[in-house]
Amino acid sequence: MKWKNRHDFYYRKAKSEGYRSRAAFKLKQIIEKFKVIKEGDVVVDLGAAPGGWLQVAREKVGEKGFVLGVDIAEIRKLPWRNVKTIKFDITDPNIVKEIQKMLPRRADVLLSDLSPKVTGIWELDHARQIFLSEKALEIALKILREGGNVVIKVFQGEMMQEFMEKMKVNFRKTRLFKPPASRKSSAEIYAIGFSLRREHHRSC
Ligand SMILES: C[S@@+](CC[C@H](N)C(=O)[O-])C[C@H]1O[C@@H](n2cnc3c(N)ncnc32)[C@H](O)[C@@H]1O
């Protein structure tokens with residue numbers, strides 16, 4: 001399996017194109033299909049280490065936008081002045097304040113590729129991952145502007161439906177999408193929420 005990973009198409013493509021992770025292509029494919037990030041946007045990326053999504057988000061927002069990456073792990077510095085990172089646990093009660101301190105204004109887009117350390121015990125991994133997705137959604141509801149978008153990774157399983165119901169209450173349109181760069185063997189899929197309704201805002 002390790003051998004396969006190292007020689008996989010997107011792994012090699014990431015190496016040759018200078019991306020920090022093969023995950024970068026998942027976000028690229030999501031953006032290509034759904035146009036959830038625009039030039040000049042303020043983007044917050046949860047679970048951002050090692051930084052592949054940060055690189056892709058920066059390409060999209062350009063010089064006038066702003067990108068903030070959050071991870072419990074250290075993120076090696078990126079070479080742009082408008083990409084900042086913080087080392088923080090997204091389950092910490094102070095997370096919203098910490099993020100807001102860093103942002104120039106309300107965010108246009110929240111991204112989450114959060115994954116727990118997988119144990120191989122399916123029910124446990126699913127439950128832990130959905131817990132992180134719910135936290136990401138809670139944070140989104142507090143930091144996004146009216147009309148903002150989210151892309152949140154979820155592990156498919158019995159708790160996903162309830163998560164999607166919460167998405168539907170808060171966004172005008174929602175989609176589930178598995179980009180080609182996501183391994184078929186992986187349970188991950190991406191929940192996309194278009195246009196936050198702040199007036200109908202319901203906490204999770
Ligand atoms: C799949 S990786 C993200 C890859 C990233 N999108 C990229 O392109 O490089 C998932 C990340 O979630 C982070 N994570 C897991 N639980 C977290 C938590 N409670 N707070 C912050 N980050 C967390 C992990 O440290 C890990 O770096």
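Which residues does Met-167 touch, not counting residues up to four places away in sequence? They are Leu-137, Val-150, Ile-152, Thr-174, Ala-191, Ile-192 and Gly-193, where a contact means heavy atoms within 4.5 Å. This is a predicted model, in which local features need pLDDT of at least 70 and side-chain atom pairs count only at pLDDT 80 or more, while totals for chains, interfaces and linings use all residues. Residues are numbered from 1 along each chain as its sequence is written, and side-chain values use heavy atoms, with hydrogens and water left out.

**Nonpolar cores**

- A nonpolar core is a set of buried Ala, Val, Leu, Ile, Met, Phe, Trp, Tyr and Cys residues joined through side-chain atoms within 4.5 Å.
- Buried means under 20% relative accessible area, exposed means over 50%, and partly exposed lies in between (1.4 Å probe, protein chains only).
- The largest nonpolar core holds 36 residues. Val-44, Leu-46, Val-70, Ile-99, Leu-110, Ile-139 and Met-167 touch the most other members.
- At least two residues of this core come from each of strand 1 (42–46), strand 2 (66–71), helix 5 (95–102), strand 4 (107–112), helix 6 (122–143), strand 5 (144–155), helix 7 (160–170) and strand 7 (188–196).
- Helices (H or I, at least four residues) and strands (E, at least two) are DSSP runs, numbered from the N terminus.
- Helix 6 gives the most to this core, with eight residues.
- In soluble globular proteins, nonpolar side chains tend to be buried together.

**Ligand surroundings**

- There are 18 residues around the ligand, each with a heavy atom within 4 Å of it.
- Ser-21, Trp-53, Asp-71, Asp-89 and Asp-113 come nearest.
- The ligand taken alone exposes 610 Å², and the protein buries 83% of that. Accessible areas come from the Shrake-Rupley method with a 1.4 Å probe; for residues, only the protein chains shown count as cover.

**Aromatic pairs**

- Rings of Phe, Tyr and Trp (its six-membered ring) pair if their centres lie within 6.5 Å; planes under 30 degrees apart count as stacked, over 60 as edge-to-face and the rest as tilted.
- By this rule there are seven aromatic pairs.
- Tyr-19 and Phe-25 pair edge-to-face, at 5.5 Å centre to centre and 80 degrees between the planes. Both residues are buried.
- Phe-34 and Phe-194 form a tilted pair, at 5.9 Å centre to centre and 55 degrees between the planes.
- Phe-34 lies in helix 3 (residues 24–34) and Phe-194 in strand 7, so this pair ties together parts that are 160 residues apart in sequence.
- Phe-34 is buried at 17% relative accessible area, and Phe-194 is buried at 13%.
- Phe-9, Tyr-10, Tyr-19 and Phe-25 are linked into a cluster by ring pairs.

**Buried polar side chains**

- Gln-55 sits in helix 4 (residues 52–61). Its relative accessible area is 9%, so Gln-55 is buried.
- A polar side-chain atom of Gln-55 lies 3.0 Å from the backbone oxygen of Gly-18.
- Asn-82 is in the loop between strand 2 and strand 3 (83–87). Asn-82 is buried, at 3% relative accessible area.
- A polar side-chain atom of Asn-82 lies 3.0 Å from the backbone oxygen of Gly-65.
- Gly-65 belongs to the loop between helix 4 and strand 2, and counts as buried at 7% relative accessibility.

**Helix 3**

- Helix 3 is mostly covered, with eight of its eleven residues buried.
- Its buried residues include Ala-24, Lys-26, Gln-29 and Ile-31.
- The cover over them includes helix 2 (9–17), helix 4, strand 4, strand 5, strand 6 (171–177) and strand 7.
- Lys-35 follows helix 3 and has a positive phi, near 50 degrees.

Notes. A polar contact is a pair of N or O atoms within 3.5 Å; within protein, one must be able to donate a hydrogen and the other to accept it, and residues adjacent in sequence count only if both atoms are side-chain atoms.
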